[in-house]
Each structure stands twice: as structure tokens, then as C-alpha cells.
Amino acid sequence: MKKLTVGILGPGTVGGGAYQILVNNHDLIQKRTGVSIEVVKLLTRRPRSEYPADLLTDDPDEILNDPNVDVVIETMGGIQPATSFMIQAMKKGKHVVTANKAAVAASYEELVMTASENGVKFLFEASVGGGIPVLTSIQNPLSGNNFTEVMGILNGTTNYILTKMTEDGADYENVLKDAQARGFAEADPTADVEGIDAANKLSILIALLFGKYIAPSDIPTKGISHVTGQDIAEAADENCIIKLIAHAVLKDGKISCSVAPEKVPISHPLAGVSNEFNAVYITGDMVGEVMLYGKGAGALPTGSAIVGDIIDIAKNL
Ligand code: HSE
């Protein structure tokens with residue numbers, strides 16, 4: 001039986017979800033891939049009683065420099081040291097799988113080039129849309145299209161807040177606390193509510209859809225912290241609903257893009273995307289319009305996307 005060994009940098013919410021899936025569904029995955037995938041090390045700064053003690057380490061080199069680790073899952077969050085660790089791992093011949101949209105969007109070209117130069121895979125399906133297989137779809141079944149437009153609800157926290165404000169008239173601050181408690185929000189929720197997280201994800205989508213890298217800081221970005229109950233009521237009067245939309249259009253060879261609260265007509269498929277759900281609405285010249293929908297945040301949905309990337313590596317061993 002072939003074996004693939006995995007080290008996880010940061011087994012918190014998302015890394016913990018991936019760990020749980022790899023352990024609980026080990027036999028199923030082995031049956032489907034012919035590979036036994038085993039988590040052999042977890043890098044954590046603090047003791048974590050939910051994991052076997054012999055797997056824990058607080059020394060990154062025990063994963064990055066261990067020739068017995070084949071794949072590194074990076075779920076630490078933040079741009080550094082996560083990016084340096086991923087580059088170090090790839091230079092040591094390890095495949096890297098990450099959910100870290102901030103790090104991928106900040107150093108997209110360097111990370112992709114490092115993978116290519118070292119003959120390893122760098123996969124980041126979990127970085128956009130949580131459990132929705134959007135990046136894989138763009139790169140495989142949809143890759144015969146010229147893409148012209150993408151509209152996405154890419155942040156679960158803000159979609160959850162806007163849904164509760166719209167449906168229950170809930171108070172912004174209380175719903176934000178609720179979203180944090182449910183594990184959707186970033187450690188610093190400013191990235192969610194000010195649209196920065198969605199801009200990171202849009203930057204990644206643009207790179208894959210249009211083959212051009214646009215840094216998140218170059219995407220005009222507005223969040224939802226100034227959206228009021230009155231804005232929501234006025235939109236409703238126009239048969240619209242307010243959603244935080246990450247939007248990019250390719251026209252005459254030029255890309256225009258933004259992240260902002262937009263009034264979406266209630267007849268549009270994106271209007272029905274509620275709570276922490278995400279959706280990506282893509283237009284291609286051959287396929288027409290496609291919407292991919294699912295849970296955009298949370299331990300197990302995001303863990304599911306990470307495990308999907310690991311399975312891709314296992315199948316290509
Ligand atoms: N904070 C992010 C969200 C997590 O709310 O969508 C998933 O990337």
C-alpha cells in the first residue's frame with residue numbers, strides 16, 4: 001500500500017477540520033485512492049488536548065525539514081511566517097496545500113513559481129469559497145472557456161451578518177459576535193467586514209480566470225460596516241437585496257474589478273445565497289452562466305476542500 005504523510009502547520013479551526021476528515025474518513029479515502037494518507041506532525045504554539053500528544057510540535061523544522069513528510073498543509077493564517085514556511089517546504093520537495101487566501105493572494109506568482117521550479121504541487125482550493133470546488137472547476141471542466149465575468153459572494157461572515165440584518169432586523173455588532181462564535185470570522189474580523197478577505201479571494205479568482213495577477217490592494221474595496229437597516233429597507237423597496245459582491249469583468253482586454261455592497265435584484269441567483277453560504281457566478285463564452293454554491297467557511301467544509309487537494313496529490317503519486 002502506498003503511503004502519503006502529512007504535516008499540518010496550524011491545526012486550528014480549518015486545519016483541525018482537515019485532520020478530522022483525514023482520520024475519520026481514512027479508510028474511505030484509502031479505498032478511493034489506493035493510498036494510505038497519514039497525519040504525522042502538527043505544528044502548534046500551544047498544547048492541544050484534542051490531538052495525540054506525540055504528533056504535536058512547536059518547532060516548524062520538525063515538519064519543514066523532515067524528509068518523511070510528503071505534504072504540508074498550511075492553515076496558520078496570516079501572510080508571515082506562513083508564506084516563508086510554504087516556500088521552504090516546496091524547496092524541500094514537499095507538496096503544499098493551503099486555505100490561506102491572504103498569503104496566496106499576496107504572493108501568488110512567487111508561490112506558483114516555487115512549486116513549478118521544485119516539481120511539487122501547490123494547491124489552494126480551500127482558499128476561495130470554502131467547500132465549493134470553484135478553483136478546480138475553473139482549471140478543469142470549465143477550462144475550455146474564455147471567461148468574461150465573475151460575481152461572487154465570497155465571505156461567509158459578511159453574508160451571515162447581512163442575512164440576519166435583512167431577515168431578522170438583527171443588530172450588526174451582535175451578529176458579528178455570533179459569526180465569530182460559529183468559527184466563520186477571521187481572528188481579526190476587520191478583514192471580513194471591510195471586504196479585505198473577499199478582495200484576497202477575488203485576486204485569486206482573477207488570476208485563474210483571466211490569467212492576470214492583480215494584488216488585493218489594487219482592487220477597489222468597500223466592506224459592509226456602513227450598511228444600515230435603512231439601506232437594506234431601501235433596497236427591498238426596489239426588489240433588491242444587499243450583498244457584498246466581489247466582481248470582475250474582462251472587456252476589450254481590460255479587467256475592471258471591485259468588492260462592494262451591491263443591490264442584487266431578488267430574481268438573480270445570487271440573491272438567494274444566505275447565511276454563511278458562498279456562491280460564485282461565472283460567465284464563460286461556451287458554457288454561459290454557471291453558479292457554484294456551498295458553505296464558504298467553517299472547519300469541515302473548508303477541511304473538505306483541503307482533503308480534496310491532498311487526494312489529488314495522492315492520486316498522482
Ligand atoms: N472569514 C472567512 C469567511 C473564512 O467568513 O468567509 C473563510 O475564508
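**Exercise 1. Find the elements against which the buried residues of helix 8 pack, and list those buried residues.**

Solution. In this predicted model, the buried residues of helix 8 pack against strand 7 (147-153), helix 9 (172-181), helix 10 (190-193), helix 12, strand 8 and strand 10. The next step is to name the residues themselves: Gly156, Thr157, Thr158, Asn159, Tyr160, Ile161, Leu162, Thr163 and Met165 are the buried residues of helix 8. As for its length, helix 8 is made of 13 residues and spans 17 Å from the first C-alpha to the last, which is close to the 18 Å expected at 1.5 Å a residue.

**Exercise 2. Decide whether threonine 158 is buried or exposed, and name its contacts beyond its neighbours within four places in sequence.**

Solution. Begin by locating threonine 158, which belongs to helix 8 (residues 156-168). A residue is buried when its relative accessible area is under 20%, and threonine 158 counts as buried because its relative accessibility is 1%. Finally, once the neighbours within four places in sequence are left aside, threonine 158 touches Asp192, Val193, Ile224 and Leu244.

**Exercise 3. Work out the strand order of the open sheet of five strands, and identify its edge strands.**

Solution. Reading across the open sheet, the five strands come in the order 9-8-7-10-11, and their pairing is antiparallel. Strand 9 (254-265) and strand 11 (288-295) each pair on one side only, and these two are therefore the edge strands. On average, neighbouring strands of this sheet are turned by 15° against each other, with direction ignored. Looking now at one pair, strand 10 (residues 277-284) and strand 11 run antiparallel and are joined by eight bridges; isoleucine 282, for instance, has valine 290 in strand 11 as its bridge partner.

**Exercise 4. Describe how helix 1 packs with helix 13, and classify the residues of their contact.**

Solution. Two packed helices are described by the angle between their axes and the distance between the axes. For helix 1 (residues 13-24) and helix 13 (residues 299-315), the angle is about 65° and the axes are 7 Å apart, while the crossing is right-handed. The next step is to see which residues meet: from helix 1 come Thr13, Val14, Gly17, Ala18, Gln20, Ile21 and Leu22, and from helix 13 come Ala299, Leu300, Thr302, Gly303, Ser304, Ile306 and Val307. Sorted by class, the contact of helix 1 with helix 13 holds eight nonpolar, six polar and no charged residues.

Definitions and conventions. Residues numbered from 1 in each chain as written. Predicted model: local features only at pLDDT ≥ 70, side-chain atom pairs only at ≥ 80, totals over all residues. Heavy atoms only, no water. Axes fitted to C-alpha atoms, helices over the stretch in contact; angles between N-to-C directions. Helix = DSSP H or I, 4+ residues; strand = E, 2+ residues; numbered from the N terminus. Left-handed = near helix turned anticlockwise from the far one by under 90°. Contact = heavy atoms within 4.5 Å. Nonpolar A, V, L, I, M, F, W, Y, C, P; charged D, E, K, R; others polar. Buried < 20%, exposed > 50% of the residue type's maximum accessible area, 1.4 Å probe, protein only. Expected span 1.5 Å × (residues − 1).
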